[in-house]
Amino acid sequence: MIYDLIVVGAGHAGCEAANIAAKLGSKVLLVTMNMETIAKMSCNPAIGGVAKGQIVREIDALGGLTGIVSDHSMMQFRMLNTSKGPAMWSPRSQNDRTLFSLRWRELLEQNLNIDFVQDSVSQLIIEKNTVTGVETTGGTTHSAKTVILTSGTFMNGVIHIGKKQMTGGRMGDNASYGITEQLVSLGFEAGRMKTGTPPRVDGRTINYSKLEEQKGDDNPKCFSFRKPTKITRQHSCHITYTNEEVHETLRSAFADSPLFNGSIQGVGPRYCPSVEDKVNRFAERTRHQIFVEPEGWNTYETYINGFSTSLPQEIQYKALRQIKGFEQAKIFRPGYAIEYDFFFPTQLNLNLETKAIKNLFFAGQINGTTGYEEAACQGLMAGINAHQTIVNKEPFILKRSEAYIGVLIDDLVNKGTNEPYRMFTSRAEYRILLRQDNADLRLMPLAKKLGTITSKEFDILNQKQSNVETITKIIHKKTVTPKLANPVLAKYNTALIPQNYIIEKILARPQINYKQLLEIPTVHQLLSKYDDDELEQAEIQLKYKGYIQNEQENVDKLTRLENLTIKHDFDYQTITSLSLEARDKLNKIKPMSIGQASRISGVSPADISVLLVHFGR
């Protein structure tokens, strides 16, 4: 049969791609090397974090499953950066690794538009610069209208532990071969990257009494707007630190480190370095923080976050036992580094389709990103756009002002990356608009038009929006008396009111939030029937109204450039007044608009002025 879509790889990108395309009605074949490791959390057993949590909520708002699966397998929830403004708040969960993978497989198998095959793809079938299917190592061919490659760390993967090297895409799994060489022969530019993982320790051998306990939030939330599932019990994490003795042990083995002896050629993640890299680069520091994270409810296996390493196993063992609380620690599995192939993402269009081969899409670490969340959102967008291609509809492209997902893809396609790309709030110039709390309000209307969420889910959003508007009107118009308000204001050390005050003026005070506002009897009577999420949304919109309006005005100004489209086949070499670098970069990227052109490295404001004049603007 001819599938609408073949997804190669069943990691976080592949699972989101297969699910969303099948949900839209495409007939999908998901090819994975191992059915037992679908959506496996290869590194830390956690979802979300700074900027990553925003991405997970955006995935959920667009109809994806990462948030729902995370909530199902959650062991702990924390909202990070709550001491800062709401643009910085970032949800993060600790997850049961096994439950996460099982739930993903269960949900995928419930979708009858998805077929599965356990095999390894060695070649793409390409006819007249258009992909038409795949060929496996066993010689089987599968035909399709579109193909998404989500190869993760598997393409020509090499694992390093000290001086030992072995082929593999992950410890215990084989690497894949053939696709890189084929695509390079067709003119694609490939590179090498590396990432690493820490040892897993037997939790029964850790002395937790010596560690700092890190509990979850008192009132834990969840990721999913569409199917909220709040956890009723939480598992603590713990914190400890390295010390000078640990550092000396690590330094003693630098000669055997593949990171320093030239064995590793790939570029590692800047913001998640190995412990030996931290000790080397930050020699002045006497200690580095270590997070001790449980891997599941029913296992003692423990993830040692912050101790990623590729040093010899005996050195890992010795250094670990010099850490406070780990004096008797035993290792289940050693840490290791892995090198793998990726393709420079400037070779993609904004819909994640390759420029050189029609109907071929890349998503995940193949594009130079790092992290489950970054991979999942690319898979989601590639799956949507593969379906859009099949049904001859316009590509679905998110703007930088609409989502962190839009920022990520725009960065990759226009700026490229030479090191593993990780999302941060600082990458988004409109982060006051792109908060985790309003991802549903921002994106579910777009998802409804696409068909990736149900009418019932959209009705729930409309009810929330209506409630937020009602709350806002009440706070804006209603007043409270000094008699009822002043005891509460005194309690939170803020100025008393001499006369009746509009509720909005009290809420505007930095010492007061909606929970404290509800302690005033009048306010409690007016607002207690509304959900916390609705009250929090109204508070944010009122407190930060000026900032939000200013940012929206900036978006509106720049939207003018985004709407000035450019023909895909335009030859920039014909505009001699452009700089040589701009001509080369513009012809390579082929921007869809003046706005996109303005974000390409090497294209100056003067070059943009030339383009505006040339196109009669």
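Tutor: Helix 18 gives five residues to the lining of the second largest pocket, the largest share. This is a predicted model, in which local features need pLDDT of at least 70 and side-chain atom pairs count only at pLDDT 80 or more, while totals for chains, interfaces and linings use all residues. Residues are numbered from 1 along each chain as its sequence is written, and side-chain values use heavy atoms, with hydrogens and water left out.

Student: Which helices each supply at least two residues of that lining?

Tutor: A pocket here is an open set of points on a 1 Å grid over the protein atoms alone, where a 1.4 Å probe fits, with protein on both sides within 12 Å along at least five of seven lines, and lining residues have an atom within 4 Å of a point. Helices are DSSP runs (H or I, at least four residues), numbered from the N terminus. Those that each supply at least two lining residues are helix 9 (372-390), helix 10 (404-415), helix 18 (545-562) and helix 20 (594-598).

Student: How much space lies in this second largest pocket?

Tutor: The volume is the space filled by probe spheres set on the grid points, which are joined across faces, edges and corners. For the second largest pocket it is about 1000 Å³.

Student: And which of its 46 lining residues are the closest to its centre?

Tutor: The lining divides into 17 nonpolar, 16 polar and 13 charged residues; Ala, Val, Leu, Ile, Met, Phe, Trp, Tyr, Cys and Pro count as nonpolar, Asp, Glu, Lys and Arg as charged, and the others, Gly among them, as polar. The closest to the centre of the pocket are L350, I397, M592, S593 and Q596.

Student: Why does N414 count as buried?

Tutor: N414 lies in helix 10, and its side chain makes polar contacts (N or O atoms within 3.5 Å, one able to donate a hydrogen and the other to accept it) with the side chains of D410, at 2.8 Å, and Q596, at 2.8 Å. Buried means under 20% relative accessible area, exposed over 50% and partly exposed in between, with a 1.4 Å probe and protein chains only. N414 counts as buried because its relative accessibility is 2%.
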